Amino acid sequence: MIKAIGYAAQEATAPLKPLEFDRNEPGAHDVQIDILYCGVCHSDVHQVRNEWHNTVYPCLPGHEIVGRVVNVGQHVTKFKEGDLAGVGCMIDSCQECQPCHAGEEQYCEGPKGWTATYNGPQKPDGSNTFGGYSSTITVKETFALKIPENLETKAVAPLLCAGVTTYSPLRHWQVKPGQKVGVVGFGGLGDMAVKLATAMGARVVAFTTSPEKEAGIRKLGAEDVVISTDKAAMEKYASSFDFILSTIPTKHDINPYIQLLKRDATIALVGALEPLEPINHSQVAFHRRSVAGSLIGGITETQEVLDFCSHHNIVSDVELIPIQQINEAFERMIKGDVKYRFVIDMNSLKDQEG
Ligand code: NDP
Ligand code: ZN
């Protein structure tokens with residue numbers, strides 16, 4: 001076993017605190033990665049605080065992991081010691097069902113579904129998985145990602161979740177150059193969505209509740225920024241969007257956004273994994289609109305977004321924090337006080353050890 005240290009919560013109302021635990025030695029097909037950086041996703045807050053009612057404690061979050069390979073099993077071919085490597089939201093899946101064969105492990109239909117990087121039962125013993133707010137991780141090489149060397153390493157970490165979660169629906173709904181795309185909510189996911197959709201050639205309009213974010217969003221290439229509480233500004237865009245991607249994290253009313261879709265267009269929601277306010281179905285049916293959802297992205301697609309970002313020179317806007325500030329970072333994220341993704345400098349764990 002490998003000695004590891006991380007930050008975990010012992011219950012929904014408890015702050016994250018240091019936890020010592022063991023990682024597996026890498027098996028023949030595994031790599032061990034010493035973690036350099038880990039992004040802080042709003043899902044980490046939902047999970048730690050048991051907002052999805054399925055958290056197993058201790059809960060050690062983190063699924064935007066970038067680090068250096070320090071050990072490889074004898075059959076590993078993709079990585080060697082010293083390589084940069086990443087781990088996103090999944091570390092395993094059944095590999096046998098149709099979605100797994102199609103490279104969409106996030107929709108695995110195997111008996112246990114996919115294994116989440118944290119808060120996921122491990123086969124065969126069923127023990128809880130621990131994520132990237134930690135010193136090191138051992139993972140199957142098939143679930144580890146190659147990290148482009150040309151991008152700033154700390155700012156790449158959020159691509160492993162925020163990047164692929166927004167890239168996947170933009171690809172699935174086949175966003176094309178010249179199309180009008182709305183991005184709702186400008187946090188960690190929204191930042192990536194605006195950058196990715198712009199790089200795909202879309203004309204992007206961002207919807208925000210925070211007027212102070214407008215200038216920053218325009219700099220990324222957004223054609224317009226709409227304050228979503230301004231009814232007149234919203235009405236100006238009635239029936240004009242080819243696709244809308246919403247990242248709002250909590251229960252809300254999506255009806256004002258449905259009205260902005262063209263005939264046959266789709267709004268995909270990636271945030272708010274919970275019951276929403278009722279939908280006015282006449283607004284959907286009369287224009288043959290679709291309301292859809294999307295979950296992270298497969299491993300192949302995760303590599304694709306990393307390579308796409310490498311090619312287009314896209315990274316997340318990040319604020320680097322030591323792990324000792326993680327509880328404050330959770331509070332600040334809930335208040336929207338971050339531009340636009342916290343990333344933990346895992347070097348700070350050494351202060352913990354020493
Ligand atoms: P952030 O907190 O970084 O960003 C969310 C943004 O939404 C905020 O910055 C704010 O933007 C806006 N917002 C927040 N509260 C409200 C509200 N009540 N009404 C309207 N707008 C609001 O979160 P992330 O980007 O990290 O994550 C967004 C959501 O996506 C979370 O729920 C997360 O769990 C989920 N998620 C889902 C995944 C999936 O696979 N489906 C994967 C990853 C994350 P502004 O100030 O611009 O209004
Ligand atoms: Zn995430």
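Let's start at the ligand: the side chain of Ser43 places an N or O atom 2.8 Å from an oxygen atom of ligand 1. Bear in mind as you look around that this is a predicted model. Backbone atoms take part as well. Leu189 has a backbone N or O atom 2.8 Å from an oxygen atom of ligand 1, and a polar backbone atom of Val270 lies 2.8 Å from a nitrogen atom of the ligand. Taken on its own, ligand 1 has 920 Å² of accessible area, and the protein covers 88% of that. In total, 28 residues are found around ligand 1, and those that come nearest are Thr208, Thr209, Ser210, Ile296 and Arg341.

Now step back to the domains. The domain assignment divides the protein into domain 1, made of 2-160 + 317-353, and domain 2, which spans 162-293. If you take the C-alpha centres of domain 1 and domain 2, you will find them 28 Å apart. Twelve residues from domain 1 and 14 residues from domain 2 make up the contact.

What is the area buried between domain 1 and domain 2? It comes to about 1100 Å², with carbon and sulfur atoms giving 54% of it.

The side chains of Asp317 and Lys195 meet in a salt bridge, at 2.7 Å from N to O. Eight residue pairs are in polar contact between domain 1 and domain 2, counting pairs with both residues at pLDDT 80 or more. On the side of domain 1 that touches domain 2, five residues are nonpolar, four are polar and three are charged.

Technical notes:
Residues are numbered from 1 along each chain as its sequence is written. Chains are lettered from A and ligands numbered from 1 in the order in which they are written. This is a predicted model: local features need pLDDT of at least 70, side-chain atom pairs count only at pLDDT 80 or more; totals for chains, interfaces and linings use all residues. Side-chain values use heavy atoms; hydrogens and water are left out. Domain bounds come from an automatic or database domain assignment. Contact means heavy atoms within 4.5 Å. Buried area is the accessible area (1.4 Å probe) that two parts lose on being put together, summed over both. A salt bridge is a side-chain nitrogen of Lys or Arg within 4 Å of a carboxyl oxygen of Asp or Glu. A polar contact is a pair of N or O atoms within 3.5 Å; within protein, one must be able to donate a hydrogen and the other to accept it, and residues adjacent in sequence count only if both atoms are side-chain atoms. Ala, Val, Leu, Ile, Met, Phe, Trp, Tyr, Cys and Pro count as nonpolar, Asp, Glu, Lys and Arg as charged, and the others, Gly among them, as polar. A residue is near a molecule or strand if one of its heavy atoms lies within 4 Å of it. Accessible areas come from the Shrake-Rupley method with a 1.4 Å probe; for residues, only the protein chains shown count as cover.
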